Amino acid sequence: MITIDISQIATLPTKYGIFKIQAFKEVTKNGEGKEHLAIFTDNLSDEPIVRVHSECLTGDALGSVKCDCGEQLQYALELIAKEGGMIIYHRQEGRNIGLLNKVNAYALQDAGFNTVEANHQLGFKADERTYEVVEFILHHFGIKKLKLLTNNPKKIESLGDIEIIERLPIQITPNPHNEGYLQVKKDQMGHLL
Ligand SMILES: [Zn+2]
């Protein structure tokens, strides 16, 4: 069981539209629990569109084109502003190896390793993410069924008793910097692109 502190709900106007936000903090003994965010529209249906977006500081905030995270987030914000739904901003940076290790993995990639090999070099699995907190947030909102906005089939299997009635793909146009990365995600991590 995980213990979670929950914030009030606040309004967040964005260039995509007006959302509501609520924060969820994992409570740990040393008080350093990760903080996650639900970003959602007023008109949540019984079967909303949901994007579980993993934090990627370089892609989400800095406009990095080394991965497709920033584009995926923008796509999700635009779509959900229009159609209604929720983005769970899941603070597991670098597939949960953290920012420092992610930068080390990038340095290994500069030296010629691909994204999966670089993680292995550092002693991690290709993907270290866990989804308990995502399940908690969905339960908190009473969401039992959803349409999942993802290219990652592992996320479809990771949401416990939540029923995924449909998978909505995110179509991203590759660029010269992330072509190789997208291909590895497809070939070695089972992503559906
Ligand atoms: Zn990224």
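1. Two strands count as paired here if DSSP finds at least two bridges between them. The model is a predicted one. On that basis, strand E4 (residues 49-54) is joined to E5 by six bridges, and the two run parallel. Within this pair, isoleucine 49 stands opposite glycine 85 of E5.

2. E5 also pairs with strand E3 (residues 35-40), here in the antiparallel sense and over four bridges. Isoleucine 39 faces isoleucine 87 of E5 across this pairing.

3. How many of the six residues of E5 are buried? Six of the six residues of this strand, which spans 85-90, are buried, so E5 is largely enclosed by the rest of the structure. Both of its faces are covered. One side carries Gly85, Ile87 and Tyr89, and the other carries Met86, Ile88 and His90.

4. E1 (residues 4-13) and E2 (residues 18-26) are antiparallel partners over eight bridges. Proline 13 has isoleucine 18 of E2 as its bridge partner. The two strands form a hairpin with four residues between them, and glycine 17 in the turn has a positive phi of about 155°.

5. Which residues have the most contacts inside the largest nonpolar core? That core has 18 residues, and the ones with the most contacts within it are Val50, Met86, Ile88, Val134, Leu138, Leu146 and Leu159. At least two core residues come from each of E3, E4, E5, helix H6 (132-140) and strand E6 (145-149). H6 gives the most, with four residues. In general, nonpolar side chains of soluble globular proteins tend to be buried together.

6. With neighbours within four places in sequence left aside, leucine 138 is in contact with Val50, Ile88, Ile143, Leu146, Leu159 and Ile162. Another core, of 15 residues, lies apart from the largest one, and Phe19, Ile39, Ile87 and Tyr89 are among its members. E5 was noted above as covered on both faces.

7. Helix H2 (residues 69-83) has 15 residues and reaches 21 Å from its first C-alpha to its last, close to the 21 Å expected at 1.5 Å a residue. Its buried residues are Cys69, Gly70, Gln72, Leu73, Ala76, Leu77, Leu79 and Ile80. As a general point, an α-helix has 3.6 residues a turn, so residues three or four places apart point the same way. After H2 comes glycine 84, with a positive phi near 90°.

8. The unreviewed UniProt entry annotates Asp127 and Arg129 as "active site". Of this set, Arg129 is part of the lining of the largest cavity. In the model, the end C-alpha atoms of residues 10-169 are 29 Å apart, and the span is 36% helix and 26% strand.

9. Is aspartate 127 buried or exposed? Aspartate 127 has 11% relative accessibility and therefore counts as buried, the cut-off being under 20%. Aspartate 127 sits in the loop between helix H5 (115-121) and H6. Leaving aside neighbours within four places in sequence, its contacts are Arg95, Asn152, Lys154 and Met189.

10. Arginine 129 is likewise found in the loop between H5 and H6. Arginine 129 is buried, its relative accessible area being 13%. Not counting residues up to four places away in sequence, arginine 129 touches Ser54, Gln92, Arg95, Asn96, Asn152 and Lys155. Arginine 129 and glycine 94 are 35 residues apart in sequence, with their C-alpha atoms 9.0 Å apart in space.

11. Lysine 102 lies in helix H4 (residues 98-110). Not counting residues up to four places away in sequence, lysine 102 touches Cys56, Leu57, Thr58, Glu93, Gly94 and Ile97.

Technical notes
Residues numbered from 1 in each chain as written. Predicted model: local features only at pLDDT ≥ 70, side-chain atom pairs only at ≥ 80, totals over all residues. Heavy atoms only, no water. Buried < 20%, exposed > 50% of the residue type's maximum accessible area, 1.4 Å probe, protein only. Core = buried A, V, L, I, M, F, W, Y, C linked by side-chain atoms within 4.5 Å. Contact = heavy atoms within 4.5 Å. Expected span 1.5 Å × (residues − 1). UniProt positions renumbered as here; feature names shortened; annotations may be inferred. 1 Å grid on protein atoms, 1.4 Å probe; cavity = no way out; pocket = protein on both sides within 12 Å on 5 of 7 lines; lining within 4 Å.
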